[in-house]
Amino acid sequence: MQNKENDTDKLFRDKLLNHEVVPPARVWDDLVKSMDEKNRRRRMIWIIGFSSAASLLLAFLSGWYFAGKLPVESNLQAIDIQKEMNVPSQVAPSVAPVQTSTQNNNLYADNQLFQPSEKLKSPARSVSIPAKSQSENIFVRLLSSVDPGLISSAGSSYELIAMNSDGFSASDRAIIAQNTSLIKESSKEKNQSSWEVGVQASPVYRFDQGSTSKDFASDPLLGIGSVNGSSNYVTNVSGGLRCEYHTGSRLSVQSGVNYGEVAQNPGMVGVSFAGQNWITDRYNFSGEKVGSNNAVNSLSNNMILKTQMGLANIAMPEGTDLATVDVSNSYTANAAKNYNLEQRAGYLEIPLVVRYKIIDRRIGFLVLGGINTNFLMSNNVSLVDNKEVIANGKIEGLNPLTFSSSIGMGVNYAISRRFNLSLEPTMKVQLNSLNKQTTYNSKPYTVGVFTGISYQF
Amino acid sequence: MEDLEKLITDCKAGKRDAQSRLYEMFSPKLFGVCLRYSRDETEAEDTLHEGFMTIFNKIGQFAFKGSFEGWMKRIMVNLSLEKCRTRYKMNTVEDITIYEYKSVNEDVYADMNADQLLEIISDLSPRYRMVFNLYAIDGYQHKEIAEMLNISEGTSKSNLARARKILQDKIIEFGYIGKEYAE
């Protein structure tokens, strides 16, 4: 018995241990596609990582820069002068050596108060201001508006100065008090809830995250070639209107409406004309026949193909008689022509996104996350020959309603009190499958950098 | 050998030409391995695809110690086993004494070619196919097979015995058919 066992083992070992079989050419083609896709994803991860790091660095540097410098220098220069009061006679009695008051060497009171910026950093040192004011003529002016940057960084210092300004006259104090209350008003206004509307758009890169059911092996899909499924999605642009509600704190809720397309070029379709019959067969990118006959069916004058996005149902030109024929034996390459299959599904997206401002300044930084509801609006499949559309159809079985989640971050820049520019790298992950019929669970995810402009009121 | 080292070094650098030449050089032998461990050609193609993705990703870890071909073959075998583990549950221990082996005419052995053997091996259930391939063709011991498939040594032995029995029956069947054709 042992001998027979060994005979069986030996038979198989001798004939199969070094047995060689040349694999079909499509395995290498698919391998190349998968490697290219992997490289592309790796590049995208680097780009996103680099962008994020650059955004963070920019936000950090700008926050540091504006917090340390702007309120002292440039912000104050932007303050409008509505009313100026020259009060040398009221200040003069307390000034020991009388100076010639000329327009050239006079200093505005608030500029004077803030000029030695280090004095503002410590409340104790601000008491030296009146002493200094004794040596020079001072103009105290009434503010007409307040720069946002002034409120967040120097608002409390104004009050402090007003409280300690012994050297000022009654009228100076009145103006300072008025300015202080104006700043308080503005500060309160900033903390109140507000609305923001705007437009945004982004190029969208789509990647495949699909999975297969257990029947997938017996139900091959056009252009996939392997279950590793390198996707053939086309990069396109998504954009729309946004409406955001600011709660008054760092949180805001955004909705709106966006339009975007899921476009895919899944592969080539070989179509040949023989007598009155269209003969169809399926081909991959290398021009090789793939799949089995059950993947191509004819229904009256329609050609039906299985793809990652669903069943592509294409109406062939009038008057042609479409037939599904097993052409594995009689097929000759010259008899058929390969057409490109292009698919587009347009979606209207209603987002519900929550934003949280990490840095709330002129240049701000935020993180965002939310859920999007996508409504299927358009649906088209075309057979294209050198940009000329041969036949049109639609993708069967697409879900009319799908959901996706959003996660991202953003940098925004306040051009003025009302207008903002934003740059938001965002990733969206499809939560349910695009189609409901095929054995392929199509869940592409997208990466985009949304750029927009908005108006706050 | 020096050429192979150069080729491996180029593949480590990610050169597509080198990857293509490596694939041309070794894919027939590795596809032969995949076919032995697979249910059908489609599954073997998938394994070959995934195997070469792994080879190109991990070729940087190959330190020129031991056979490069053996390293690649182990990747293909491990992937086949991984698929088997996730898709099918291994059989429990059986009494191997229940199998009686029939006498097989040695001429039948000589008549069968590799493709015919591959066909009958692919008809085995996954658990028998894995154990038979590992033990009878690739020379692993039952202890190693038990660890690789996360089964007991007893299960490995009983699966091997059952696989041999099925294969012998198929060979005998082939012998009869061959004889009838000859007559």
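Analyst: Let's start with a term. Two residues are in contact if their C-beta atoms, placed from the backbone, lie within 7 Å. In chain B, residues 24 or more positions apart account for 72% of the contacts with a separation of 6 or more.

User: And what kind of model is it?
Analyst: This is a predicted model, where local features need pLDDT of at least 70, side-chain atom pairs count only at pLDDT 80 or more, and totals for chains, interfaces and linings use all residues. Residues are numbered from 1 along each chain as its sequence is written, while chains are lettered from A and ligands numbered from 1 in the order in which they are written.

User: How many helices and strands does chain B have?
Analyst: Chain B has nine helices and zero strands. Helices (H or I, at least four residues) and strands (E, at least two) are DSSP runs, numbered from the N terminus.

User: What share of chain B is buried?
Analyst: The figure is 34% of its 183 residues. A residue is buried if 20 or more other C-beta atoms lie within 10 Å of its own, exposed if 12 or fewer, and partly exposed in between; these C-beta atoms are placed from the backbone.

User: Which residues are buried in helix α6 of chain B?
Analyst: Helix α6 spans residues 114-122, and B:Leu117, B:Leu118 and B:Ile121 are buried there. They line one face of the helix, because they fall within an arc of 100° seen down the axis of α6(B). The arc is that of the directions from the helix axis to the C-beta atoms.

User: Why can residues a few places apart point the same way?
Analyst: An α-helix has 3.6 residues a turn, so residues three or four places apart point the same way.

User: Now packing. At what angle do α2 and α4 of chain B pack?
Analyst: Helix α2 (residues 16-37) and helix α4 (residues 68-87) of chain B pack at about 30°, with their axes 10 Å apart. Axes are lines fitted to C-alpha atoms, for helices over the stretch in contact, and angles run from 0 to 180 degrees between N-to-C directions. α2(B) and α4(B) are therefore roughly parallel to each other. Angles under 35 degrees count as roughly parallel, over 145 as roughly antiparallel, 65 to 115 as roughly perpendicular and the rest as oblique.

User: Which residues meet there?
Analyst: From α2(B), they include B:Phe26 and B:Leu30; from α4(B), B:Met72 and B:Met76 are among them. By class, this contact of α2(B) with α4(B) has eight nonpolar, one polar and two charged residues. Ala, Val, Leu, Ile, Met, Phe, Trp, Tyr, Cys and Pro count as nonpolar, Asp, Glu, Lys and Arg as charged, and the others, Gly among them, as polar.

User: What about α7 and α8 of chain B?
Analyst: Helix α7 (residues 126-137) and helix α8 (residues 142-149) of chain B pack at about 140°, with their axes 10 Å apart. That makes α7(B) oblique to α8(B). The contact of α7(B) with α8(B) has seven nonpolar, one polar and no charged residues.

User: How many residues does each chain give to the contact of A with B?
Analyst: Chain A gives 28 residues and chain B gives 28 residues. On the side of chain A that touches chain B, the largest share, 10 residues, comes from α1(A).

User: Is B:Phe64 buried or exposed?
Analyst: B:Phe64 is exposed, with 9 other C-beta atoms within 10 Å. B:Phe64 is in the loop between α3 (41-58) and α4 of chain B. B:Phe64 has a positive phi of about 60° although it is not a glycine.
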